[in-house]
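Q: Hi! Could you walk me through this one? I have a few quick questions.

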Amino acid sequence: MTKLHVSTVVNGDPVEFLADPGMTLLDVLRDELDLTGTKEGCGSGDCGACSVIVDDRLVCSCLMLAAEAQGRRVATIEGLAQGGHLHPLQQKFLEHAALQCGFCTPGLLMAAKALLDANPDPTETEVRYWLAGNLCRCTGYDKIIRAVMDAAADLRQVRV
Amino acid sequence: MSDVLDKADVQSPLKIVGTRPIRPDGADKVTGRAAYGADLNMPGQLVGKVLRSPHAHGRIVSIDTRKARALPGVKAVVTGADFPDVASEMHEGGEAASNLRDLAMNVIAREKALYDGHAVAAVAAVSAAIADEALSLISVTYEVLPHVLDVEAAMAPDAPVLHASMFTEGQETRPTVASNIVKRNRMGRGDPAQAFAAADVVVEGRYTTQAVHQGYIEPHACVASWAEDGQCEVWSSSQGQFMVRTYCAKVLGLEVSSIRVTPAEIGGGFGGKTTVYLEPLALALSRQAGHPVKMVMTRDEVFRATGPTSGAVILVKLGAKADGTIVAADVELKFQAGAYAGSPVGAASMTALACYDIENFTITGWDVVTNTPKVAAYRAPGAPIAAFGVECAIDDLARKLGMDPIALREKNAVRNGVKAAYGPTFQNIGFLETLAAARNSDHYSAPLGPNQGRGVAAGFWFNVGGESTVALHVGEDGSVVVVTGNPDIGGSRATMAMMAAETLGVPMDRVRARVADTASIGFSMVTGGSRTTFATGMAVVQAAEKVVADLKRRAALTWDVAADKVEWRDGAAICLDPTKDPKPLTLGDIAANSAMTGGPISAQVSLNAQGAGPGFGVHVCDVEIDPETGHVTVLRYTAAQDVGKAIHPAYVEGQIQGGVAQGVGWALNEEYIFDRAGKMENAGFLDYRVPVASDLPMIDAIMVEVANPRHPFGAKGVGEVPIVPPLAAVANAVRGAIGVRMTDLPLSPPKIRAALDAKPG
Amino acid sequence: MKALAAAGARPMAGGTDLLVQLRSGRAQPEAIVDLKRVAGAVGVREIAGGFVIGAATSGAVIGEHAALSKAWPGVVEAANLIGSTQVQGRASLAGNLCNASPAADSVPAMIAARAVCVIVGPKGRREVPVESIATGPGRTSLAPGEFVLEIRLPPRSARSSDAYLRLIPRTEMDIAVVGAGVNLTLDAAGVVTQAHVALGAVAPTALLVPEAGAALVGSKLDEASLARLDAAARAACKPISDKRGTAEYRTKIAGVLARRAALIAYQRAGGHA
């Protein structure tokens, strides 16, 4: 099968790659672009470990073909910290001990970022339902929810 | 050595232990930099894939791999014939013992495939697509055999027999006919029959649970390389790099020193990664191919081919006096082992009545093989299942007696000086304190609304100590590296660094904790059994104390004073000789001068820690039931636990909350569902339903600290206890809400609606 | 169009079902045609009082459309129940419909809304009611080379609204065990003049249940009419027992959800039950 040439922007940088038509965006991020921060937990869109943001939409990268990234902007966990400084979400996750094994953490951080971009003042229920697509087996979600709401409060202050 | 806690009272109060610093590996984990099992690539690596049996039970008549081998791009193909025969030998893994021959046959089948998903062949090729095609070209001829899944069906005399050489052990006479019953264990004391006859009140129940999976989000993954000279490298995510090394060596017939295993970060294990599935296959493929081989399981493979824990039948009978004293207990446990012997029924038997001081009891356990994946350890293996039955029965007893459920437990609780049901005499336990903490919680006295119910349950786990090695090195600028052999599953790097820093008297950010490969640190048992903070922590403290003693000696040398005239305080040597008045020498000062005082400053400690403190948990759960749909909402959850000493309270809370979440999932929605052919129907996260964020409320963790004097800071293991009570806590809450005792897990909505419909009146 | 006409070609909208099937081997297309790049396939338009929803419009975009959410809260909430937030970023109504799972969340609400599909193919354009698309689990009435271009919702009369409810064992992320969509129009006195009820996951395809709708017409959702609704919903069920629920359970819940969805739709339409 002939590979497709794809031009896209990943974490703000122009990127080109060749992809088999059947390759997913997740495959390309991990295997072609060496961005292994995005994880595969299930390959079927049920766990959220592969979450990235494409054109400001939170998506499962295992449910997108690599070819669909043509002309789009992709944001992964590797682009969340800027210039050596952690994003408030990352900082709050650490302060609240909102990670144990850390495997679900990249996906959760991207999902939380998309949440706060869309809704800067979510209730606990809204946070829980928005993040329902991100499975965590270690934490029971308690500290994750607290970290997200604390980061939301911080970010609201900055905006004001 | 320091196995007594009072030194902390004598010196200044703790500065770091008990606080909540940010974990040292945190930046890597929140930026995606941390490398897990599937994140490493070796130059020239091939892709390895496994061909798995589609039959739950079958004799492997022949395997033809010729077409697969001939496919361009395929570099290696292996079957069971490529692996040596392994002698039957038990190996202590820390949580449970494994039979190495069974483990080897589980890695790749020999004469029989014993479950749908059992590995029968593996290939390595230059791409995933070619590897997949190669699998489809392998032709396996099976003689399909009848299969058996249910534990009682497997015990029946007419059941299909998995192993022709299995003759039940542990009974009065050894049977002459093979069966699926590996062994029966029995323990007891007193005269239960008489005690039951004399009891005022008797409750009985039969409870059933299904197989459930640990559900770690990271599938198994490894990269392995077998070089031409027989030196092997393995990168894998596991709960113990030494365990991986041992099992690979045994399965492949190698010396352990010819394998170096580097631990990747691990994306969850909960006991399920205390064994190997892929690593021996990857090594065998690499040997044939002459290239490294990378293997990553799909989620489907994780469910179908790695160990869940047992499904089980639990029979409980309790007899009590009118005042609530439990005088007799009879517990029978029938556990699925999966395809090979070794369910956690033994541990379940030992923990079943461990919370209570009962004079007369019998506990019988049956280990039974079934055509399902070989079970692996899952967080307090066996204990949650036994506790489900016992704690529901205790709840029924409390109702029958008209007693408060916590009061009934307090009346019968084990306390210091009591001989445990499983043998040892309890010392320094905090069960009564934990019961009191639950009873005094705001939760316990909060009012309930319509269709709501509250459940209480207790739980116990032994926790283990075991073998650990730690090395501690002081750099020339006084910064410190502490090296262990325990993968960091839940934040243990932080805890190790905290304990080292506390002992050395330096700020935590001067101490870096590293997890080393098998060639770079001495032996350590797995990260499991709730042992790391206790045993490896003990070794860390001892190594730090050795370094402190060394630092004092060097200061004495530098000042030319007697050794006992030097005190170590807040990271510096203080001179106690009144005739001299030098400035204190900091760790950095002494390190900078180390060449003059004896050379590098380093200490290593290897130990086999004893005296791990058992843990107790008491949980309170509120649920609301929708009576028309049977849907259960968990409204509120409080988990009190005796933790000894919370070294890093946030990570201790995290263990409690995580264990609760798994237990809630086990109670409400998780189960292995098989079709009539013995194939798993729900081998994915869509229909294997673990709790999602919107399913749970905040989980209040109450940490009760009754110190374990055998640990330098009083710590007890904490990771496993929290999964033990939730099954019954939820079931008892449902009982409270709907007035019906549900005994079959999971308590899914259709079952609850059916129970309500069947309710009289 | 030509690409789709080729043998073995599959259209793709959001891809959230197709990619799962690619991976499991259930679907092995020769080619995939990305409908998101087709003119008119993405976006929500209001025309002549009705709405036109491009086939490949994501649930997230649908949920953000204020006018659509106001006129058809049931259709929108149904669309927004498909999968997780991540799936919502991609999944489409047409994809949900054409994947033809009996449990598809958006379908009962669209059927109750009397939505119409605009289908485009080698032989031109045609319009069919939404309920005629799925013919059985995983099977549709689309001819080779055809795809759904857009879904049209009719103009809304005054005092009309809809609702969709589903039963799942968890709170999110599950395939519906039962789904119920109810669409009502009331008169000035609050009496139901039109009612459409559709059920999902209780038959090989989602069902329009005329008897259930008829049970509500002329009523103000008193207990007697709700009981008739409940009975009619249950009578229409032809469910299976599978790993997600028993037939008996699904039938009971169909009645329960039909009632509850009817009450919500009634309230949204301005009625006071």
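What follows is a short chat about an interface, a residue and a strand pair.

A: Happy to! Keep in mind that this is a predicted model.

Q: Great. How many residues does each side bring to the contact of chain A and chain C?

A: Chain A gives 26 residues and chain C gives 25 residues. About 2000 Å² is buried between the two chains, with carbon and sulfur atoms giving 56% of that area. On the chain A side, A:R57, A:L63 and A:E68 lose the most area to chain C, together 31% of what that side buries.

Q: And how many salt bridges are there across that interface?

A: Four are found between chain A and chain C. One of them joins the side chains of A:R57 and C:E64, at 2.7 Å from N to O.

Q: Which element supplies the largest share of the chain A side?

A: That's β4(A), with four residues.

Q: Switching topic: is A:I145 buried or exposed?

A: A:I145 is buried, because its relative accessible area is 0%, under the 20% cut-off. A:I145 sits in helix α5 of chain A, residues 142–159.

Q: What does A:I145 touch, leaving out residues up to four places away in sequence?

A: A:E124, A:V127, A:R128, A:L131 and, from chain B, B:M698.

Q: Last one, on chain B: in which sense do β20 and β21 pair?

A: Parallel, over five bridges. B:T484 stands opposite B:V515 in β21(B). With helix α16 of chain B, residues 492–504, the two strands make a right-handed β-α-β unit.

Key. Residues numbered from 1 in each chain as written. Chains lettered and ligands numbered in written order. Predicted model: local features only at pLDDT ≥ 70, side-chain atom pairs only at ≥ 80, totals over all residues. Heavy atoms only, no water. Pairing = 2+ DSSP bridges. Right-handed = clockwise from strand over helix to strand, strands pointing away. Buried < 20%, exposed > 50% of the residue type's maximum accessible area, 1.4 Å probe, protein only. Contact = heavy atoms within 4.5 Å. Buried area = accessible area lost by both parts, 1.4 Å probe.
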